[in-house]
Amino acid sequence: MKITSIETILAGGRYLFLKVHTDEGLVGLGECGAWGYQEATALVVKQMEKLVVGLDPMRIEFIHNALARNLHFRGSVTQSALSGIDIALWDLKGKALGVPCYELLGGKTREKVRIYVNARPPKGSDDIVGAAKSLVDQGFTAIRFDIGHPSDENGRCGESFSALVNRAAKRMAAMREAVGWDVDLSVECHRGMRPAEAIELGRAMAPFRPHFYEDPIPDNLEAMRTVIEECVIPVATGERFINPMEFDSLMTTTKVRYIRPDMCVAGGLTAGKKIAAEAEQRGVYVIPHNPLGPVSTAACLQLDAVIPNFEIQEYPMSAGRCRLDREMKEPFRIEDGYIVLPEGPGLGIELIDDIDKIFPFQGMYGGIHLHEDGSIVDR
C-alpha cells in the first residue's frame, strides 16, 4: 500500500481535518491543532504531502521521524501538520487491520474514559454557578470553570493584584458550594496571571480542593517550577508544547503533577504514547488537551484507553450543549460522566459528509488584550 495524496478540509470555527488517501482505497482521518493558524497549517500539510506520497502508510514511526527530524525548522504550525498526518496514519492502519488504534498501541487498560466538561453560562447570561449545577444534574462528576478576565468599557483589564485574587477565590467558593464536595472542580486560567498572583490565588483556593489548576502563568519553566512548589494545589500544564522534549524538560525541572499533551499539536498518537510513558515512570498523570473536534477527541480516547497513568479527559461541551454530536455520523456514547470507548476500527468515528459545507470555515484568531496601562495581557 502507498500514500497517494493528503486532502485538507477547513471547517467550522477552527477545524482543520485531513485525509490520507492510498492506492488501495483506504483513507485515514486526522486533525491538526494550531487552531489560530489553520490556514497556514493546511499549507504545511501540502508541503509534507510531497515528502510522504509513495511511502507505505503502515510505517508510522518512520514517517513520524522523517517529518519531525528531517526538516530544518520546527514550530507549532509544522508540528500540527505532522500531528494530523500521524493521527490519520494510525486511523488508516487500524482500518487496514480491522482493529481500534488502542489495540495497536498495546491494548486497552480501561473500558470507558472519564471526562470533564466546561461550566459556561448560556449566551446572554453570566450565571456560571447555574451552568455548573445543570451539568451536575446531567450526571457529570468533573467540571472545569474559568477564573474569567473582566475588562472595562474600553476592553482593558484593570484588576489589581488583590481584586483578581479575591474575585477568583470567591468564584471558586461559590462553585464548590453549588456542586458539593463529591464533584471534581478544576480551574482554567489561560496563562492570565503573573507568578505572584498565581501563587497567592492557589493558596486561597486550596481549602476548596481543586482537582487541578490549569496554566496559571505563561510557559516559563523556571517561573512554573516556583509556582508549582509554592501554590500548594496541583498544577496542570503543557497544552502548548509541541514535542516530547518539552514535556521531558517540564517533568525534569518541576514537580508538576499533571501534564496536558495535545494529540493534534505535540506529534499525534506516536508522540502521545511516548510522552505518557515517560510520565508514568515519574508518577505524573495525563490530562490530554482537547478543545477541538471529533477527530481530536477520538485520538485522545485511543491514548486514554492504553495508558495506566490517565487522569481525566477534556471534552468540549458546555451549558449542556455538544457541537461534536452534529459533526459525527454517530456521536460518542456518554454515560454518567464517562465516554464508552468506540469499538470501530482505527479511531472508530466518521465525520458527517460535506462537513466543510454544512459548517463553513470561519477561522478563530483570538485578539489583543491589554492591561489598563496599555501593556499586553498574556493569554
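How many positive and how many negative side chains does the protein have, and how far apart do the centres of the two sets lie?

## Charge and basis of the model

The protein carries 42 positive and 53 negative side chains, and the centres of the two sets lie 1 Å apart. In this count Lys and Arg are positive and Asp and Glu negative, while His and the chain ends are not counted; the place of each charge is taken as NZ of Lys, CZ of Arg, CG of Asp or CD of Glu.

This is a predicted model, in which local features need pLDDT of at least 70 and side-chain atom pairs count only at pLDDT 80 or more, whereas totals for chains, interfaces and linings use all residues. Residues are numbered from 1 along each chain as its sequence is written, and side-chain values use heavy atoms, with hydrogens and water left out.

## Overall fold and dimensions

The protein contains 12 helices and 16 strands, where helices (H or I, at least four residues) and strands (E, at least two) are DSSP runs numbered from the N terminus. Its radius of gyration is 20 Å, close to the 21 Å that the globule rule gives for 379 residues, so the protein is as compact as a globular protein of that length; the radius is taken over C-alpha atoms, and the rule is 2.2 Å times the number of residues to the power 0.38. Taken along the principal axes, the C-alpha atoms fill a box of roughly 60 × 45 × 45 Å.

Of the 379 residues, 52% are buried, a class defined by under 20% relative accessible area, with exposed meaning over 50% and partly exposed in between (1.4 Å probe, protein chains only). The accessible surface comes to about 16,200 Å², and carbon and sulfur atoms account for 50% of that surface; these areas come from the Shrake-Rupley method with a 1.4 Å probe, and for residues only the protein chains shown count as cover. Among contacts (heavy atoms within 4.5 Å) between residues at least 6 apart in sequence, 71% join residues at least 24 apart.

## The buried side of helix H2

In helix H2, which spans residues 60-69, the residues Ile60, Ile63, His64, Leu67 and Ala68 are buried. These residues cover an arc of only 120° around the axis, which puts them on the same side of H2; the arc is that of the directions from the helix axis to the C-beta atoms. The elements against which the buried residues of H2 pack are strand E1 (3-11), helix H1 (38-52), helix H3 (76-97) and helix H10 (268-282).

Ile60, which belongs to helix H2, is buried with a relative accessible area of 4%. When neighbours within four places in sequence are left aside, Ile60 is in contact with Asp86, Leu89, Trp90, Lys93 and Thr270. By contrast, the C-alpha atoms of Ile60 and His190, which are 130 residues apart along the chain, are separated by 33 Å.

## Two residues with positive phi

Most residues other than glycine have a negative phi. Arg209, although not a glycine, has a positive phi of about 55°, and Asp336, also not a glycine, has a positive phi of about 50°.

Arg209 lies in the loop between helix H7 (195-205) and strand E8 (213-214), and with a relative accessible area of 52% it is exposed. Asp336 is placed in the loop between strand E14 (334-335) and strand E15 (338-340), where its relative accessible area of 64% makes it exposed.

## Two prolines and a glycine

Pro216, in the loop between E8 and helix H8 (221-230), has 0% relative accessibility and counts as buried. Beyond residues up to four places away in sequence, Pro216 touches Cys189, Arg191, Gly192, Met193, Ala198, Val227 and Val235. The C-alpha atoms of Pro216 and Val227, 11 residues apart along the chain, are separated by 8.4 Å. Pro244 is located in helix H9 (residues 244-253) and, at 25% relative accessibility, counts as partly exposed; leaving aside neighbours within four places in sequence, Pro244 is in contact with Ala266, Ala271 and Ile275.

Gly344 is found in the loop between E15 and helix H12 (355-358), and with a relative accessible area of 23% it is partly exposed. Not counting residues up to four places away in sequence, Gly344 touches Val99 and Pro100. Although Gly344 and Pro100 are 244 residues apart along the chain, their C-alpha atoms are separated by 5.8 Å.
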